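This report describes how two protein chains meet and then turns to selected features within each of them. The sequence and structure are shown first.

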Amino acid sequence: MPPRTSLMPVDQDWGSVWPGPRTFHPASVPLPLRQGYKEKDAPPGKFGNAELMKIPNFLHLTPPVITRQCEALKSFCSAWPQGLETDAKCEESFPLEIITSDYCHSSPDIRDPLARIVTLKVKLGRLPLNTHAKDKLLRLVGERYNPENDVLTIMTDRCPLRQQNLDYALYLLTTLFYESWKIEAWESEKSEADMEYYDWDASASRKNVMGLLSWKPDQNAAEMSADAMDLDIKEFKEAVSKIMNEGEEEYTLSRYKEEVKKLFSLQDISSKV
Amino acid sequence: MNVLGVIAKVVCKTERQSLVKLVKYAETGIRSQHVCKGRMYSVSETNQSEELDKLYRMVEVEVRGNDPAVLKSYTWFATTAAKELGITIGECWTPRKANHERLTLLKSVHIYKKHRVQYEIRTYFRFMQFLRLTGSTADTFLEYIQRNLPEGVAMKVTKVEITAIPSHIRTPNEPQQQALSSGVQASNQ
């Protein structure tokens, strides 16, 4: 009997001949395939070729078949809403992100324990927080906050099911938010050592500078307000705050040096000459 | 009364009836909770049965297998199907090298420690990203993809869902006192 391929018309509907995934059958596939390696011969043909039978083939997914199947699936799909074309627009309307993973692999068990992990991401700028609430939230949250993106990430995997983990993550977010707004009695005991940023107005540096300036010979003493000597003080304050808040770098230290020189009215001798 | 008249023109028919109820109950002093319950029933039941479609900013499909040719064909199939369904395709990439998991065992059953045999399992990866899918589109597409997953290939799907911040997270106006004061006001009315 000749193989079926010799009786196949050229314009047949291949999707009907090979409707589903099937092991390679050489007499049904009208292609002159060669697969494998022999040291001195050409690659062996398709009849009796174990290599061709072992590998999974995609003969059931030719382009016309894919088109046909997708046409049938379109009725189950919905269009992406207009007005959310870019990521920025999506973020504006929907700032909370929930990231989950699903796993599909061949094993006796369809469940994968990693599928229960839920990650929640939100930008703190979108939550209504005042300065105290934000500071408290950052202290509560610790490493989960990324200051570069202003993104708070909460990852939960302590519950066995994904829905439980999601509920727990949302509960954590709610609790963190409301706890950060509460002002406890012991928070009034916050000292300068606990401050998360350097506040020059309440520092020893300001006291010293004011003391120095009030001893200026050409000015009356007891002018402790900053309004009298405004410009110098502001720039000096900025220079000191920069060193403390941003770290000791060449730029910040050189600025501080310039400000101190200005404060003491020391002129640059080298430039005069 | 003028204000109420203005409001009544703006809201729809069903809500106007419930507004009238609200005014009536406010005069007699019954708590607003009862009105809310009645309102939910009067506005049709379709709202309660409607489940909003989820929005996925990005769906990342990772396929792992032992044969790179099979993975390549599969990604071609997945991307073609996505194009047919009108899904935006993001980045598709594959790491340059596979993951070689090697194992060194003794060749012989007894002694001959110097003669060993080495086995390795090569796992190849391919990543595909699909952007801006709705929940129904994602479910349909992923089910189609997964039904045609060839044997020996594993898949991991990571979905990034975008939602609004839950409505119960809002600036508290002295929250501990608020619940008490609102209860007191309702009972006084």
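## The interface between chain A and chain B

In this predicted model, the contact draws 45 residues from chain B and 47 residues from chain A. The size of an interface is often given as the accessible area lost when the parts come together. Here the area buried between chain B and chain A is about 4200 Å², and carbon and sulfur atoms give 67% of that area.

Polar interactions also cross the boundary. Between chain B and chain A there are 17 residue pairs in polar contact, with both residues at pLDDT 80 or more. On the side of chain B that touches chain A, the elements that give two or more residues are strand 1 (55-65), helix 5 (68-85), strand 4 (116-134), helix 6 (135-147) and strand 5 (153-163) of chain B. Strand 5 of chain B gives the most to this side, with 10 residues. By class, the side of chain B that touches chain A holds 22 nonpolar, 13 polar and 10 charged residues.

Strand 1 (residues 96-104) of chain A is joined to strand 5 of chain B by 9 bridges, and the two strands run antiparallel. Within strand 5 of chain B, B:V160 stands opposite A:I99.

## Salt bridges

Side chains of opposite charge can pair when their charged atoms come close. Over all chains the count comes to 21 salt bridges, and 4 salt bridges are found across the interface of chain B and chain A.

| Salt bridge | N to O distance |
|---|---|
| A:D13 and A:R68 | 3.0 Å |
| B:R132 and A:D87 | 3.9 Å |
| B:R122 and B:E120 | 2.5 Å |

The side chains of A:D13 and A:R68 meet in a salt bridge within chain A. A:D13 lies in the segment before helix 1 (14-17) of chain A and A:R68 lies in helix 3 (residues 63-73) of chain A, so the pair ties together parts that are 55 residues apart in sequence. A:D13 is partly exposed, with a relative accessible area of 37%, and A:R68 also counts as partly exposed, at 44% relative accessibility.

The salt bridge of B:R132 with A:D87 has its closest N and O atoms 3.9 Å apart. This pair crosses between chains, from B:R132 in strand 4 of chain B to A:D87 in helix 4 (residues 87-93) of chain A. B:R132 has a relative accessible area of 22% and is therefore partly exposed, while A:D87 counts as partly exposed at 39% relative accessibility.

Within chain B, the side chains of B:R122 and B:E120 meet in a salt bridge. B:R122 counts as partly exposed, at 38% relative accessibility, and B:E120 is partly exposed with a relative accessible area of 30%. Elsewhere, salt bridges that share partners join A:D87, A:E97, B:R57 and B:R132 into one network.

## The surroundings of B:R126

B:R126 lies in strand 4 of chain B. Its relative accessible area is 22%, so B:R126 is classed as partly exposed. Leaving aside residues up to four places away in sequence, B:R126 touches B:V61, B:E62, B:V63, B:L71, B:K72, B:T75, B:W93 and B:T94. With one of these residues, B:T75, the side chain of B:R126 makes a polar contact to the side chain at 3.4 Å. B:R126 and B:K156 are 30 residues apart along the chain, and their C-alpha atoms are separated by 11 Å.

## The organisation of chain B

The secondary structure of chain B comes to 7 helices and 5 strands. From the N terminus on, the elements of chain B follow the order α-α-α-α-β-α-β-β-β-α-β-α. Of the 189 residues in chain B, 31% are buried. Among contacts in chain B between residues at least 6 apart in sequence, 74% join residues at least 24 apart.

Key: Residues are numbered from 1 along each chain as its sequence is written. Chains are lettered from A and ligands numbered from 1 in the order in which they are written. This is a predicted model: local features need pLDDT of at least 70, side-chain atom pairs count only at pLDDT 80 or more; totals for chains, interfaces and linings use all residues. Side-chain values use heavy atoms; hydrogens and water are left out. Contact means heavy atoms within 4.5 Å. Buried area is the accessible area (1.4 Å probe) that two parts lose on being put together, summed over both. A polar contact is a pair of N or O atoms within 3.5 Å; within protein, one must be able to donate a hydrogen and the other to accept it, and residues adjacent in sequence count only if both atoms are side-chain atoms. Helices (H or I, at least four residues) and strands (E, at least two) are DSSP runs, numbered from the N terminus. Ala, Val, Leu, Ile, Met, Phe, Trp, Tyr, Cys and Pro count as nonpolar, Asp, Glu, Lys and Arg as charged, and the others, Gly among them, as polar. Two strands pair if DSSP finds at least two bridges between them. Buried means under 20% relative accessible area, exposed over 50%, partly exposed in between (1.4 Å probe, protein chains only).
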